[in-house]
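I opened this notebook to keep a careful record of what I looked up. The sequence and the model come first, and my entries follow.

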Amino acid sequence: MHGEKMKKTFRVVGLKGEGAFTDFSTEVPKRARQFLERLHEIESVHGPEVTLYEPKRDTDHLEGIYYVGIMVDEALTKVPVGMEYIELDDEYVTASGNVQQIGELHNDLLNWMEDQGYKRKPESYIVETYHPLENGEEEVAIYLPIQ
């Protein structure tokens with residue numbers, strides 16, 4: 001895994017979801033499919049699919065918020081009904097790899113971040129962007145906000 005530190009701005013239009021962290025692996029993809037059915041409603045040029053996750057603070061933090069959506073090139077003033085526009089501008093540590101190894105990629109990135117002396121920014125969203133590959137597989141890029 002190759003980790004990297006960077007400053008990045010994410011402009012996202014998406015649907016909000018919330019629920020138990022333990023259900024995210026099934027609920028987030030369901031919500032993403034609902035979003036993709038409405039993609040034609042967004043009038044802006046857009047980039048990859050994206051998910052924003054509220055970080056789990058501790059073992060007592062059982063439910064969280066997430067957004068599934070698409071990255072857009074510029075701030076939007078007109079957003080489809082039921083969707084939200086979110087802009088994040090932060091310092092991140094990032095790594096990418098096959099979406100099938102997303103859990104391992106998260107763990108490797110967390111370990112790399114600690115080895116480099118970076119500290120997580122617990123109040124900022126974790127960002128994942130999804131990039132289809134020519135062979136039908138998908139790559140994910142993970143961005144963990146740091147202080």
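The entries below go from the ground rules to the strands, the helices and the pocket.

**Ground rules.** I am working with a predicted model, in which local features need pLDDT of at least 70 and side-chain atom pairs count only at pLDDT 80 or more, while totals for chains, interfaces and linings use all residues. Residues are numbered from 1 along each chain as its sequence is written, and side-chain values use heavy atoms, with hydrogens and water left out.

**Strands.** I took helices (H or I, at least four residues) and strands (E, at least two) as DSSP runs numbered from the N terminus, and I called two strands paired if DSSP finds at least two bridges between them. I began with strand 1 (residues 4–20), which runs antiparallel to strand 4 (residues 84–98) and is joined to it by eleven bridges; lysine 7, for instance, has glutamate 91 in strand 4 as its bridge partner. Strand 1 is also joined to strand 3 by nine bridges, again antiparallel, and here glycine 17 has tyrosine 66 as its partner.

Next I followed strand 3 (residues 63–72) to strand 2 (residues 46–53), and found them paired in the antiparallel sense over six bridges, with threonine 51 partnered by valine 68 of strand 3. Strand 2 pairs with strand 5 (residues 126–132) too, antiparallel over five bridges, and leucine 52 stands opposite valine 127 of strand 5.

I picked threonine 9, which lies in strand 1, and asked how far in space it is from aspartate 90. Their C-alpha atoms are 6.7 Å apart, although 81 residues separate them in sequence. Threonine 9 has 28% relative accessibility and counts as partly exposed, where buried means under 20% relative accessible area, exposed over 50%, and partly exposed in between (1.4 Å probe, protein chains only).

**Helices.** Helix 1 (24–36) has 13 residues and reaches 18 Å from its first C-alpha to its last, close to the 18 Å expected at 1.5 Å a residue; the expected span is 1.5 Å times one less than the number of residues. Phe24, Val28, Ala32 and Phe35 are its buried residues, and they cover an arc of only 60° around the axis, which puts them on the same side of helix 1. The arc is that of the directions from the helix axis to the C-beta atoms.

In helix 2 (102–115), I found Leu105, His106, Leu109, Trp112 and Met113 buried. Seen down the axis, these buried residues fall within an arc of 130°, so they line one face of helix 2. Glu104, Glu114 and Asp115 are exposed on the other side of helix 2.

**The pocket.** A pocket is an open set of points on a 1 Å grid over the protein atoms alone, where a 1.4 Å probe fits, with protein on both sides within 12 Å along at least five of seven lines; lining residues have an atom within 4 Å of a point. The largest pocket has a volume of about 770 Å³, and of the 29 residues that line it, the closest to its centre are Phe24, Tyr53, Ile102, His106 and Glu128. Which element gives the most to this lining? I found that helix 1 does, with eight residues.

Methods:
Grid points are joined across faces, edges and corners, and a volume is the space filled by probe spheres set on the points.
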